[in-house]
Amino acid sequence: AVSFWPDESGRDNNATQAQPANTPSLSVLGSHKALSFTGSQNLILDGDQLPSGSTPSVVFAVAELDDHGAATDCFEHLLAWGTARTGEARMIYKGCGTALAYADTFNTYPLMHPKDTWPQGRPVLVTAEITGSGVTVLMNGSVDYSWRNPPDVATNTEPQPTAMIGGALWWGDSDGWAGQIGEIAILRSEE
């Protein structure tokens with residue numbers, strides 16, 4: 001079990017899990033160490049250190065979905081932070097009742113039109129650029145979709161003390177990632 005995933009950025013925002021039943025296990029993704037999640041495991045990090053408000057960010061994640069029922073299972077969150085209110089979060093996940101890959105700002109997924117599904121059993125590099133004006137998602141370097149905020153749905157991520165890898169805080173221990181996560185990098189960016 002892995003209860004500590006060190007932050008390599010120098011910001012000391014390490015991901016931890018104090019509950020042994022919720023800790024992911026160590027695995028290998030390609031030839032690199034990774035964490036294996038079963039859907040009810042997660043790691044917690046300091047959400048106050050992550051981009052908030054309309055501050056632009058880019059998230060890079062290397063992950064593999066291992067859910068053979070992905071087309072019918074509900075949400076599986078790879079990463080989430082913010083508040084469970086429309087436009088006030090940032091998250092990357094597999095959609096509910098579909099294997100499509102999403103990145104959105106909470107409850108804005110009906111406006112998104114992703115075309116790429118999470119590949120089963122093989123790693124993918126997901127890039128999610130979230131700005132005050134919209135979201136752009138790339139899968140293995142190719143644009144999956146871009147979305148521009150309608151005037152009534154601004155990106156305004158509400159800072160929260162807790163963020164989650166392998167799940168979303170507002171769903172507790174359900175709707176978590178089923179598969180491996182090899183790397184996550186969250187960067188503030190310039191629009």
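This note sets out numbered points on the structure shown above.

1. Basis of the model. This is a predicted model, in which local features need pLDDT of at least 70, side-chain atom pairs count only at pLDDT 80 or more, and totals for chains, interfaces and linings use all residues. Residues are numbered from 1 along each chain as its sequence is written, and side-chain values use heavy atoms, with hydrogens and water left out.

2. Confidence. The predictor's confidence in each residue is given as pLDDT, from 0 to 100. The protein chain has a mean pLDDT of 92, with 99% of its residues at 70 or more. Strands (E, at least two residues) are DSSP runs numbered from the N terminus. Confidence is lowest in strand E12 (residues 142-148), with a mean of 90, and highest in strand E2 (residues 15-16), at 97.

3. Two strands pair if DSSP finds at least two bridges between them. Strand E3 (residues 25-29) and strand E4 (residues 32-38) run antiparallel and are joined by 5 bridges. Val28 lies opposite Lys33 in E4. The hairpin has 2 residues between its strands, and Gly30 takes a positive phi near 70°.

4. The nonpolar core. A nonpolar core is a set of buried Ala, Val, Leu, Ile, Met, Phe, Trp, Tyr and Cys residues joined through side-chain atoms within 4.5 Å; buried means under 20% relative accessible area, exposed over 50%, and partly exposed in between (1.4 Å probe, protein chains only). The largest such core has 47 residues, and those with the most contacts inside it are Leu78, Trp118, Ile165, Ile181 and Ile184. Leaving aside neighbours within four places in sequence, Ile181 is in contact (heavy atoms within 4.5 Å) with residues including Trp5, Phe37, Leu78 and Ile165.

5. The disulfide. The structure holds 1 disulfide, a pair of cysteine sulfur atoms within 2.5 Å. Cys74 and Cys96 form this link, with their sulfur atoms 1.9 Å apart. The pair joins distant parts of the chain, 22 residues apart: Cys74 is in the loop between strands E6 (57-65) and E7 (76-82), and Cys96 is in the loop between strands E8 (89-94) and E9 (101-104). The link is left-handed, with -105° about the S-S bond. Cys74 counts as partly exposed at 33% relative accessibility, and Cys96 counts as partly exposed at 39%.

6. The salt bridge. The structure holds 1 salt bridge, that is, a side-chain nitrogen of Lys or Arg within 4 Å of a carboxyl oxygen of Asp or Glu. The side chains of Arg85 and Glu88 form this bridge, at 2.9 Å from N to O. Glu88 counts as buried because its relative accessibility is 17%, whereas Arg85, at 45%, counts as partly exposed.

How values were computed
Helix = DSSP H or I, 4+ residues; strand = E, 2+ residues; numbered from the N terminus.
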